[in-house]
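Please find below my notes on the model you sent. They are set out as numbered points.

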Amino acid sequence: SRFRETSFPELNLGIIFSEKYMNSTYEYKKYSAIILGNHYINSILNFKYRFGFEYAHGELPYQSLLFFRSNTGTLDAPLGFTAMKYQEFLGDQIFYLNFENNFGKLVWGNIPVLKNFNLIGLFSMGRNFISSENYDLSATKTFSITDGVYMEAGFGISRILDIFRLDFAWRLNNYNGISGKLFGNLIVEFF
(Lines give C-alpha, C1' and ligand atoms only; values in the text may rest on other atoms or scores of the structure.)
Protein backbone atom coordinates (compact mmCIF):
# COMPACT_ATOMS: atom_id res chain seq x y z
CA SER A 1 0.00 0.00 0.00
CA ARG A 2 1.21 3.50 -0.76
CA PHE A 3 -0.59 4.93 2.28
CA ARG A 4 1.49 5.60 5.36
CA GLU A 5 -1.09 4.25 7.80
CA THR A 6 -3.80 2.03 6.49
CA SER A 7 -5.57 -1.17 7.28
CA PHE A 8 -6.07 -3.41 4.30
CA PRO A 9 -9.71 -3.99 3.38
CA GLU A 10 -11.36 -6.91 5.14
CA LEU A 11 -13.75 -9.27 3.43
CA ASN A 12 -16.24 -10.91 5.78
CA LEU A 13 -18.29 -13.77 4.35
CA GLY A 14 -21.15 -15.43 6.17
CA ILE A 15 -23.71 -18.21 5.77
CA ILE A 16 -26.66 -18.88 8.05
CA PHE A 17 -29.04 -21.71 7.36
CA SER A 18 -32.18 -23.10 8.91
CA GLU A 19 -33.26 -26.58 7.84
CA LYS A 20 -36.18 -28.91 8.57
CA TYR A 21 -33.85 -31.70 9.75
CA MET A 22 -32.68 -29.32 12.50
CA ASN A 23 -36.29 -29.10 13.80
CA SER A 24 -36.76 -25.63 12.32
CA THR A 25 -40.21 -24.46 11.26
CA TYR A 26 -38.80 -22.53 8.31
CA GLU A 27 -36.22 -23.57 5.75
CA TYR A 28 -33.94 -20.80 4.47
CA LYS A 29 -30.34 -19.80 3.79
CA LYS A 30 -28.72 -16.36 4.28
CA TYR A 31 -25.50 -15.30 2.56
CA SER A 32 -23.51 -12.15 3.28
CA ALA A 33 -20.40 -10.47 1.90
CA ILE A 34 -19.10 -7.30 3.58
CA ILE A 35 -15.98 -5.29 2.71
CA LEU A 36 -14.60 -3.03 5.47
CA GLY A 37 -11.74 -0.60 5.05
CA ASN A 38 -9.91 2.30 6.67
CA HIS A 39 -7.40 4.48 4.79
CA TYR A 40 -5.33 7.34 6.17
CA ILE A 41 -3.90 9.59 3.47
CA ASN A 42 -3.33 12.81 5.42
CA SER A 43 -4.92 14.76 8.28
CA ILE A 44 -7.91 15.71 6.09
CA LEU A 45 -8.41 12.45 4.17
CA ASN A 46 -8.87 9.69 6.71
CA PHE A 47 -11.82 7.59 5.59
CA LYS A 48 -13.63 4.40 6.59
CA TYR A 49 -16.13 2.45 4.54
CA ARG A 50 -18.38 -0.57 4.74
CA PHE A 51 -19.85 -2.05 1.58
CA GLY A 52 -22.14 -5.03 1.87
CA PHE A 53 -24.51 -7.39 0.14
CA GLU A 54 -26.83 -9.83 1.90
CA TYR A 55 -29.12 -12.35 0.26
CA ALA A 56 -31.64 -14.80 1.71
CA HIS A 57 -33.28 -17.71 -0.06
CA GLY A 58 -36.30 -19.63 1.21
CA GLU A 59 -39.13 -18.89 3.64
CA LEU A 60 -38.01 -16.16 6.03
CA PRO A 61 -40.18 -15.37 9.05
CA TYR A 62 -40.56 -11.69 9.93
CA GLN A 63 -37.87 -11.77 12.63
CA SER A 64 -35.33 -13.26 10.19
CA LEU A 65 -35.76 -10.70 7.39
CA LEU A 66 -32.61 -8.75 6.49
CA PHE A 67 -32.28 -5.13 7.63
CA PHE A 68 -29.80 -2.24 7.54
CA ARG A 69 -27.57 -1.37 10.50
CA SER A 70 -29.32 1.79 11.65
CA ASN A 71 -30.15 4.07 14.55
CA THR A 72 -31.58 1.92 17.36
CA GLY A 73 -32.31 4.76 19.76
CA THR A 74 -29.59 3.56 22.14
CA LEU A 75 -25.80 3.71 21.93
CA ASP A 76 -24.83 2.51 18.45
CA ALA A 77 -21.66 1.48 16.60
CA PRO A 78 -20.09 3.60 13.82
CA LEU A 79 -20.60 3.01 10.08
CA GLY A 80 -24.36 2.71 10.10
CA PHE A 81 -27.38 4.66 8.93
CA THR A 82 -28.23 7.71 11.08
CA ALA A 83 -31.51 9.02 9.58
CA MET A 84 -33.10 5.58 9.17
CA LYS A 85 -35.30 4.07 11.87
CA TYR A 86 -34.39 0.66 13.26
CA GLN A 87 -35.73 -2.07 10.93
CA GLU A 88 -37.58 0.51 8.82
CA PHE A 89 -36.59 -1.28 5.61
CA LEU A 90 -36.68 -5.09 5.57
CA GLY A 91 -36.20 -7.60 2.78
CA ASP A 92 -34.57 -10.75 1.52
CA GLN A 93 -31.88 -8.86 -0.46
CA ILE A 94 -30.03 -5.75 0.72
CA PHE A 95 -27.11 -3.73 -0.64
CA TYR A 96 -25.48 -0.88 1.28
CA LEU A 97 -22.52 1.49 1.45
CA ASN A 98 -21.57 3.45 4.57
CA PHE A 99 -18.77 5.98 4.14
CA GLU A 100 -17.26 8.46 6.57
CA ASN A 101 -14.26 10.77 6.46
CA ASN A 102 -12.55 12.15 9.55
CA PHE A 103 -11.56 15.75 8.77
CA GLY A 104 -9.88 16.04 12.17
CA LYS A 105 -9.68 19.48 13.69
CA LEU A 106 -10.02 21.27 10.34
CA VAL A 107 -12.74 23.71 11.44
CA TRP A 108 -12.05 24.38 15.14
CA GLY A 109 -8.43 23.34 15.75
CA ASN A 110 -7.48 26.71 17.23
CA ILE A 111 -10.47 27.09 19.59
CA PRO A 112 -9.31 25.96 23.06
CA VAL A 113 -12.61 24.42 24.24
CA LEU A 114 -13.22 22.52 20.97
CA LYS A 115 -9.67 21.57 19.93
CA ASN A 116 -10.05 17.92 21.05
CA PHE A 117 -13.12 17.25 18.88
CA ASN A 118 -12.95 15.81 15.34
CA LEU A 119 -15.32 16.63 12.47
CA ILE A 120 -16.65 13.58 10.60
CA GLY A 121 -18.39 13.69 7.19
CA LEU A 122 -21.01 10.96 6.60
CA PHE A 123 -22.67 9.44 3.55
CA SER A 124 -24.75 6.24 3.37
CA MET A 125 -26.83 4.55 0.72
CA GLY A 126 -28.78 1.30 0.56
CA ARG A 127 -31.32 -0.67 -1.44
CA ASN A 128 -33.56 -3.55 -0.38
CA PHE A 129 -35.82 -6.04 -2.16
CA ILE A 130 -38.31 -8.62 -0.94
CA SER A 131 -39.91 -11.49 -2.82
CA SER A 132 -43.70 -11.71 -2.91
CA GLU A 133 -43.54 -15.05 -1.05
CA ASN A 134 -41.64 -13.57 1.90
CA TYR A 135 -43.82 -10.45 1.91
CA ASP A 136 -46.97 -12.59 2.07
CA LEU A 137 -45.41 -14.80 4.79
CA SER A 138 -44.61 -11.79 7.01
CA ALA A 139 -46.89 -11.57 10.05
CA THR A 140 -46.77 -7.76 9.98
CA LYS A 141 -46.40 -5.41 7.03
CA THR A 142 -45.17 -2.32 8.93
CA PHE A 143 -41.81 -2.23 7.11
CA SER A 144 -40.97 -0.49 3.82
CA ILE A 145 -39.12 -1.20 0.61
CA THR A 146 -36.78 1.54 -0.61
CA ASP A 147 -37.97 3.57 -3.56
CA GLY A 148 -34.80 3.31 -5.63
CA VAL A 149 -31.61 3.78 -3.64
CA TYR A 150 -32.03 5.24 -0.15
CA MET A 151 -29.43 7.96 0.58
CA GLU A 152 -28.49 10.14 3.53
CA ALA A 153 -25.68 12.59 4.29
CA GLY A 154 -24.51 14.38 7.39
CA PHE A 155 -21.73 15.10 9.83
CA GLY A 156 -20.55 14.00 13.24
CA ILE A 157 -18.50 15.33 16.13
CA SER A 158 -16.23 12.74 17.72
CA ARG A 159 -14.03 12.43 20.80
CA ILE A 160 -16.68 13.80 23.13
CA LEU A 161 -15.35 12.71 26.52
CA ASP A 162 -12.95 10.60 24.40
CA ILE A 163 -15.50 7.80 23.81
CA PHE A 164 -18.70 9.33 22.39
CA ARG A 165 -19.59 10.60 18.97
CA LEU A 166 -22.68 12.60 18.04
CA ASP A 167 -23.88 12.20 14.42
CA PHE A 168 -26.44 14.30 12.54
CA ALA A 169 -27.87 13.35 9.13
CA TRP A 170 -30.56 14.28 6.62
CA ARG A 171 -32.46 11.93 4.34
CA LEU A 172 -31.83 12.78 0.71
CA ASN A 173 -34.79 10.68 -0.53
CA ASN A 174 -37.25 7.96 0.63
CA TYR A 175 -38.96 10.36 3.06
CA ASN A 176 -41.88 8.01 3.91
CA GLY A 177 -43.91 10.90 5.31
CA ILE A 178 -40.83 12.50 6.93
CA SER A 179 -39.79 15.81 5.42
CA GLY A 180 -36.56 17.73 5.90
CA LYS A 181 -35.83 16.73 9.48
CA LEU A 182 -32.43 16.45 11.09
CA PHE A 183 -31.75 13.10 12.76
CA GLY A 184 -29.22 12.54 15.51
CA ASN A 185 -27.48 9.50 16.92
CA LEU A 186 -25.13 8.96 19.86
CA ILE A 187 -22.35 6.47 19.15
CA VAL A 188 -19.75 4.81 21.36
CA GLU A 189 -16.41 4.88 19.54
CA PHE A 190 -13.14 3.51 20.87
CA PHE A 191 -10.01 5.24 19.59
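1. Basis. This is a predicted model, in which local features need pLDDT of at least 70 and side-chain atom pairs count only at pLDDT 80 or more, while totals for chains, interfaces and linings use all residues. Residues are numbered from 1 along each chain as its sequence is written, and side-chain values use heavy atoms, with hydrogens and water left out.

2. Overall layout. The protein has 1 helix and 12 strands; helices (H or I, at least four residues) and strands (E, at least two) are DSSP runs, numbered from the N terminus. The order of elements from the N terminus is β-β-β-β-β-β-β-β-β-α-β-β-β. The C-alpha trace spans about 60 × 40 × 30 Å along its principal axes.

3. Of the 191 residues, 36% count as buried. Buried here means under 20% relative accessible area, exposed means over 50%, and partly exposed lies in between (1.4 Å probe, protein chains only). Contact means heavy atoms within 4.5 Å. Among contacts between residues at least 6 apart in sequence, 59% join residues at least 24 apart.

4. Strands β11 and β12. Strand β11 (residues 164-171) pairs with β12 in the antiparallel sense over 7 bridges, where pairing requires that DSSP finds at least two bridges between the strands. A169 has F183 in β12 as its bridge partner. Side chains alternate along β12 (residues 182-188): F183, N185 and I187 are buried and point to one face.

5. Salt bridges. What cut-off is used for a salt bridge? A side-chain nitrogen of Lys or Arg must lie within 4 Å of a carboxyl oxygen of Asp or Glu. The count by this rule comes to 7 salt bridges. One of them joins the side chains of E189 and K48, at 4.0 Å from N to O. This pair links distant parts of the chain, with E189 in the segment after β12 and K48 in strand β3 (residues 46-58), 141 residues apart. E189 is buried at a relative accessible area of 6%, whereas K48 is partly exposed at 31%.

6. R171 and E88. The closest N and O atoms of the salt bridge between R171 and E88 are 2.4 Å apart. R171 lies in strand β11 and E88 in the loop between β6 (81-85) and β7 (90-91), so the pair ties together parts that are 83 residues apart in sequence. Both R171 and E88 are buried.

7. R165 and its surroundings. Which residue forms a salt bridge with R165 at a closest N to O distance of 2.9 Å? The partner is D167. R165 counts as buried at 1% relative accessibility, and D167 is likewise buried at 1%. Salt bridges that share partners join K48, E100, R165, D167 and E189 into one network. R165 itself is placed in strand β11. Its side chain makes polar contacts with the side chains of D167 (2.9 Å) and E189 (3.0 Å). A polar contact is a pair of N or O atoms within 3.5 Å; within protein, one must be able to donate a hydrogen and the other to accept it, and residues adjacent in sequence count only if both atoms are side-chain atoms. Leaving out residues up to four places away in sequence, R165 touches P78, E100, I120, L122, I157, S158, N185, L186, I187 and E189.

8. N12. This residue is found in strand β1 (residues 5-18). Is N12 buried or partly exposed? At 32% relative accessibility, N12 counts as partly exposed. N12 touches S32, A33, I34 and L36, with residues up to four places away in sequence not counted. The C-alpha atoms of N12 and L79 are separated by 15 Å, and the two residues are 67 apart along the chain.

9. Surface. The protein exposes about 11000 Å², of which carbon and sulfur atoms supply 60%. Accessible areas come from the Shrake-Rupley method with a 1.4 Å probe; for residues, only the protein chains shown count as cover. I15, F17, Y21, M22 and Y31 form a nonpolar surface patch with about 580 Å² of accessible area together. Patches are made of residues with over 30% relative accessible area and no salt bridge, with like charges joined within 9 Å and nonpolar side chains (Val, Leu, Ile, Met, Phe, Trp, Tyr) within 5 Å.
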